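Please study the sequence and the three-dimensional structure shown below.

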Amino acid sequence: MKPFTNLIIASFLLISCIPEKKLEEDVVITVEEEKEAIKSTLVSMWDAIEKGDVELYATYVHQDFTQFGETDSILRVGKETEVKGVAAWVKDSEGIHTEMDEPQVTIKGNVAWITYYWRDKGITNGEPFASRGKSTRIFVKENGKWLCIHGHYTLL
């Protein structure tokens, strides 16, 4: 029995000499916090447009982005198409500002959608504009970040 006891004692001593590893606590994000993150992402997208920062805007757009714009007759496909379109609009515009009303966010795993009404205004090609509409945007969460993968906009 003595060799067995020695083995147990030796094992205990060996284990006690191994440095303690601190495990990070799991970060628990509530559904409400995720919903706020999605709304905040959309507002950040609009803020980037308002500042003319197309590169920042692009960081919120998924590579597989698609869109039915308020006047589009066809589906616009791809992040590059979206970013080029926004860049052209921003280049010819000033004072762009968008507001969101009555947002409703639904989350299913790493996919979420937000429906809302928008109001925007600004000047494009020297002409003032103002519009109102309703929209649905779809987001996917990749690497801890919500990215817009689809937008569908309808003028009111």
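The following questions and answers concern a predicted model.

Q: Which pattern of helices and strands does the protein chain follow along the sequence?
A: The predicted protein chain contains four helices and six strands. Read in sequence order, these elements give the pattern α-α-α-β-β-α-β-β-β-β.

Q: What percentage of the residues in the protein chain is buried?
A: A residue counts as buried when its relative accessible area is under 20%. The protein chain has 156 residues, and the buried share of them is 31%.

Q: What length does helix α2 reach from its first C-alpha to its last?
A: Helix α2 covers residues 31-50, which amounts to 20 residues. At 1.5 Å a residue, a span of 28 Å is expected. The span in the model is close to that value, at 29 Å.

Q: Why do the buried residues of α2 line one face of the helix?
A: The buried residues of α2 are Glu34, Ile38, Thr41, Leu42, Met45, Trp46, Ala48 and Ile49. When the helix is seen down its axis, these buried residues line one face because they fall within an arc of 165°.

Q: Which residue just after α2 takes a positive phi?
A: The place to look is just after α2. There, a positive phi of about 75° is found at glycine 52.

Q: Which element gives the most residues to the largest nonpolar core?
A: The largest nonpolar core has 23 residues, and those with the most contacts inside it include Ile38, Leu42 and Met45. At least two residues of this core come from each of α2, β1, α4, β3, β4 and β6. The greatest contribution, six residues, comes from α2.

Q: How many residues apart are tryptophan 46 and tyrosine 116?
A: The structure holds three aromatic pairs. Tryptophan 46 and tyrosine 116 form an edge-to-face pair, with 5.7 Å centre to centre and 70° between the planes. Tryptophan 46 lies in helix α2 and tyrosine 116 in strand β4, so the pair links distant parts of the chain, and the separation is 70 residues.

Q: Is tyrosine 116 buried or exposed?
A: The cut-off for a buried residue is under 20% relative accessible area. The relative accessibility of tyrosine 116 is 3%, so tyrosine 116 counts as buried.

Q: What is the angle between the planes of tryptophan 118 and tyrosine 153?
A: Tryptophan 118 belongs to strand β4 and tyrosine 153 to strand β6, 35 residues apart. Tryptophan 118 is buried at 6% relative accessibility, and tyrosine 153 is buried at 9%. The two form an edge-to-face pair at 6.5 Å centre to centre, and the angle between the planes is 90°.

Q: Which residues are in contact with threonine 98, leaving aside its neighbours within four places in sequence?
A: Threonine 98 is found in strand β3. Its relative accessible area is 13%, so threonine 98 is buried. With those neighbours left aside, threonine 98 is in contact with Trp46, Glu50, Trp118, Arg119 and Asp120.

Terms used
Residues numbered from 1 in each chain as written. Predicted model: local features only at pLDDT ≥ 70, side-chain atom pairs only at ≥ 80, totals over all residues. Heavy atoms only, no water. Expected span 1.5 Å × (residues − 1). Buried < 20%, exposed > 50% of the residue type's maximum accessible area, 1.4 Å probe, protein only. Arc of directions from axis to C-beta. Core = buried A, V, L, I, M, F, W, Y, C linked by side-chain atoms within 4.5 Å. Contact = heavy atoms within 4.5 Å. Phe/Tyr/Trp six-rings, centres within 6.5 Å; stacked < 30°, edge-to-face > 60°.
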